[in-house]
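Student: I would like to learn how to read the packing of side chains in a model. Please show me where to start.

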Amino acid sequence: MKTNQINIHFLGAAGTVTGSKYLVNTGERKILIDCGLFQGLKELRLKNWEYPPFEVSEIDMVLLTHGHMDHTGYLPRLVKQGFNGPIYGTNPTLDIAKIILNDSAKIQEQEAERANKEGYSKHNPAEPLYDLKDVEKTIPHFKGIPQAQWITLFDGIRARFQYSGHILGATYIELDIYRKRFVFSGDIGRTNDLLLYPPLKPKKADILFVESTYGGRFHPDEVEALPKIEKLINDTINRGGSLFIPSFSVERAQLMMLIFWKLLKENKIPKVQMIMDSPMGANVLELFHRTRDWHRLEENECDEMCSHFTVVSSYRETMELRTDNKPKIVIAGSGMLTGGRMLNYLETQAQNPNNTLLFVGYQAEGTRGRKLLEGEKELKVYGIWVPFNMQVAEIEGLSAHGDHAELIEWMGDIKNKPERIFIVHGEKESAEALQKGIKETYGWNTEIPQLYTIEEIE
């Protein structure tokens, strides 16, 4: 029997910017929107180890907005806990999720192994949250679906995945449940992106869930960032240093490659070795070749850009390059310095004041990236404190997230007044700034739910 009441359980990215998970309970069906890993603050990361406050085996399906870790990284854990349904997403989203989950499992296995060998973990033995075998069991649940087409999920319930920019394959999800439309923004991309097309906009939303990562903040135009990057490279290379860019391996690494290649082509920066050290980033590059309709890059541009980079895949090569002091440009994961190959470089290069560490993306509270931006002079790498003397720079305008104005604009085509609007995926200040902006622009009241709250939708 169909009930009129639908419950929404906020299991992540509520009151925080990470761990996106929203459980939609219709009384008959349970649908999980996104299944992200908590990152950043230790108190949040510890939640990844807790059993979730719902019965995992009762979930009918998972719908993914896009492939980023904070939207897909909990999937192997969910399967391990008894989830046995389909996981739906666009084909590029599922391809990216495969790459990210395998990479994440590999890093966790390596870090647990290193912690056990060197004895710096308080856990004995240190264990990964999940391993490669868990990922292997998760992938068969993936079911690719086309964008922009309504898919019937159950009687009276259908879904549509609409292009949202941000990264390859990213969408917002429209979910019609018994004639009421729920819209989950996922992460909204930029209006003018060098790599991706502008996001589509919803025309109707009865219940709206909107991200607020950059609520209250405004990005300079991407094109304005280019002269700043040019100056940073030239200043760093001229003083004999190297430029290190911790980067998200999906979209951001490829965007930075595109920018450096363009500057080199126009003779605006010196010809030094340019390195893209991320197996995951290399796999995503290959994905760019296969997904022409999702991005702006022509095939010949993709080939030419790649030809100017040393694309590193082996760990052994990383260990050799990290001790080489010749000026160079290095792009490596991870974007917030929570793990990844960049830590290997910083272990040997952080003490050199001629080097520059350039942040080109959002740094969540509690991450190494945020701490260094705020002036921290020591860096903990693999259990050891390393003095940090590098120059630090941050260039805004390259974010894959829409800013305050773009988020407000994204809601501009909604013809009806939504019954309820939930502001999610943002730190307190950002969420409150977006709340104020929505009220001033549209006169709509909004809510900022907190973690683990359950809201009833009549």
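Student: How many aromatic pairs does the structure hold?

Tutor: Rings of Phe, Tyr and Trp (its six-membered ring) pair if their centres lie within 6.5 Å. The structure holds 13 such aromatic pairs. This is a predicted model, in which local features need pLDDT of at least 70 and side-chain atom pairs count only at pLDDT 80 or more, while totals for chains, interfaces and linings use all residues. Residues are numbered from 1 along each chain as its sequence is written, and side-chain values use heavy atoms, with hydrogens and water left out.

Student: How is a pair of aromatic rings described?

Tutor: By the distance of the centres and the angle of the planes. Planes under 30 degrees apart count as stacked, over 60 as edge-to-face and the rest as tilted. F184 and F209 form a stacked pair, 4.2 Å centre to centre with 10° between the planes. F184 lies in strand β10 (residues 180–184) and F209 in strand β11 (residues 207–211), so the pair ties together parts that are 25 residues apart in sequence. Strands here are DSSP runs (E, at least two residues), and helices are runs of H or I with at least four, both numbered from the N terminus.

Student: Are F184 and F209 buried or exposed?

Tutor: Buried means under 20% relative accessible area, exposed over 50%, and partly exposed in between (1.4 Å probe, protein chains only). Both F184 and F209 are buried. Ring pairs also link these two with F10, Y22 and F422 into a cluster.

Student: Where does the charged end of R158 sit?

Tutor: A charge sits over a ring if NZ of Lys or CZ of Arg is within 6 Å of the ring centre and within 35 degrees of the ring normal. The charged end of R158 sits over the ring of W150, 3.8 Å from its centre. For K21, the ring is that of Y74, with 4.9 Å to the centre.

Student: Which residues touch the most other members of the largest nonpolar core?

Tutor: A nonpolar core is a set of buried Ala, Val, Leu, Ile, Met, Phe, Trp, Tyr and Cys residues joined through side-chain atoms within 4.5 Å. The largest one has 72 residues, and L78 and F260 touch the most other members. Its largest share, ten residues, comes from helix α7 (residues 252–265).
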